[in-house]
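Here is a friendly note to read alongside the model. Please keep the sequence and the 3D view open as you go through the points.

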Amino acid sequence: MNGPLAGIRVVEVGHMLAGPYCGLMLADMGAEVIKIETPEGDIGRSVSPHFIGPHNAYFASLNRNKKSVVLDLAGDEGRRNLGGILKESHALITNLRPSAIRKLGLTYETLRTWNERLVCVALTGYGLEGPYVDNPAYDYVIQAMTGVMALTGDPSAPPAKAGYSAVDNSAGLVAALGLLAKIVQGQGGQVDVSMYDVMLSQLNYLAGAALNAGEVIERLPDSSHPYVVPAQIFPTADGWLTLFITHDKFWQKFCAEVGRTDWITDPRFASMAGRRANRDTVVAGITAVLREASAAQWVRRLQPLGVVAAEVGTLNDALESDIAAARSLIVTLGDGSLPLRAIASPIRFDGYAPTYGLPPLLDEHREEVLGRAWP
């Protein structure tokens, strides 16, 4: 069955992660995504040491359901062929540096001669204009500059990056949102998405505290929430437990279950304000209690009460979990002849199930795409 974006054609001039992730989200929803590559191909084709047949595992995780065409966009023929493809396309997404975007003519001002209704999305580190416009911008760098690293990890340890490419993935999602907003509007134009802007935006309530109350935002031990207590990880008899209690009624249930009903009336413990003001005392008390049983035992006891608690597991645990199985989150790409697996689309629609095709081989769709561009 056709997806919600069936009939939408998007051209992707991207590499590695942010741009391709944007294209992946659109392709999974039924858009035709044509990936323009250099003769060497997206560097993502060789990033991972893991290959399943001819397919690199890193590249496959970001480029299923796309079509590949090799074009030299620095030459007249390559630009002409790109224009031919764009004549019947709805949008272009690129995550090259601004200098390369302008040099290759990948802006709306340049490309509107081919298609006035074309939406051009530039996904860059610091935007298309400004003093930082051509500074190198990688996920690591943006995490460092926006304060994400300074907020991550234990206060006694060095700053740490998030354990995955939080900036690239977030920017890809925002770029997809901006692209679709312009298509819905029905007007062509330039969309400017900056990785720096996206990440600063995602620090929303922390930034609000700094801007409006002068709060200095710092790392807290054990992944603690700045305002909610308890909301952090705790050591147990055999591992780590995440506990997140936002309402006093659930705090009361927790206290009764762990045999500390005195905490229900103790003003240091009874309310969120009290627990926040006496964080160290509260955390020490909870830590002593939770060490008495395993993380799994606490989950079995607390979850039926509505108390938010979960074991801290690994990615491998999540991939093999009952939730992943129940949600059909692990899919095999292609017809199953290759054991190439990936994570399914996180967006579900009634009446539509994506077909998860293999990632394209380099220049695999040249004849099909250019033949259609120049019939």
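The points below cover the basis of the model, helices, aromatic rings, charges over rings, and backbone details.

1. A word on the basis. This is a predicted model, in which local features need pLDDT of at least 70, side-chain atom pairs count only at pLDDT 80 or more, and totals for chains, interfaces and linings use all residues. Residues are numbered from 1 along each chain as its sequence is written, and side-chain values use heavy atoms, with hydrogens and water left out. Helices (H or I, at least four residues) and strands (E, at least two) are DSSP runs, numbered from the N terminus.

2. Among the buried residues of α1 are Tyr21, Cys22, Met25 and Asp28. Just after α1, Gly30 takes a positive phi of about 105 degrees.

3. Next comes Ala60, which sits in helix α2 (residues 57–63). Ala60 has a relative accessible area of 2%, so this residue is buried. Leaving out residues up to four places away in sequence, Ala60 touches Leu333, Leu340 and Pro359, where contact means heavy atoms within 4.5 Å. Ala60 and Pro360 are 300 residues apart along the chain, yet their C-alpha atoms are separated by 8.6 Å.

4. How do α3 and α17 cross? Helix α3 (residues 76–86) and helix α17 (residues 366–373) have axes that come within 8 Å and cross at roughly 75 degrees. Axes are lines fitted to C-alpha atoms, for helices over the stretch in contact, and angles run from 0 to 180 degrees between N-to-C directions. On α3 the contact is made by Asn81, Gly84 and Ile85, and on α17 by Val369, Leu370 and Ala373. By class, this contact has four nonpolar, two polar and no charged residues; Ala, Val, Leu, Ile, Met, Phe, Trp, Tyr, Cys and Pro count as nonpolar, Asp, Glu, Lys and Arg as charged, and the others, Gly among them, as polar.

5. Now for the rings: the structure holds eight aromatic pairs. Rings of Phe, Tyr and Trp (its six-membered ring) pair if their centres lie within 6.5 Å; planes under 30 degrees apart count as stacked, over 60 as edge-to-face and the rest as tilted. The ring centres of Trp114 and Trp374 are 6.4 Å apart with planes at 75 degrees, so this pair is edge-to-face. Because Trp114 lies in the loop between α5 (108–111) and β7 (119–124) and Trp374 in the segment after α17, the pair ties together parts that are 260 residues apart in sequence. Trp114 is partly exposed at 33% relative accessible area, and Trp374 is partly exposed at 29%.

6. Tyr126 and Tyr132 form a tilted aromatic pair, 5.9 Å centre to centre and with 40 degrees between the planes. Is Tyr126 buried or exposed? Tyr126 counts as buried, at 12% relative accessibility, while Tyr132 is partly exposed at 45%. Tyr126 is found in the loop between β7 and α6 (139–145). Beyond its neighbours within four places in sequence, Tyr126 is in contact with residues including Pro136, Val141, Met145 and Tyr196. Please also find the aromatic cluster formed by Trp251, Phe254, Trp263 and Phe269.

7. Two charges deserve a look. The charged end of Arg80 sits over the ring of Trp374, 4.5 Å from its centre, and that of Lys161 sits over the ring of Tyr140, 4.9 Å from its centre. A charge sits over a ring if NZ of Lys or CZ of Arg is within 6 Å of the ring centre and within 35 degrees of the ring normal.

8. Finally, some backbone details. A cis peptide bond, with omega about 0 degrees, joins Val229 and Pro230, and Pro230 lies in the loop between α9 (204–213) and β9 (231–235). Ser328 is not a glycine but has a positive phi of about 55 degrees; Ser328 lies in the loop between α16 (322–326) and β12 (330–332). Asp363, also not a glycine, has a positive phi of about 65 degrees and lies in the loop between β13 (341–343) and α17.

Technical notes
Buried means under 20% relative accessible area, exposed over 50%, partly exposed in between (1.4 Å probe, protein chains only).
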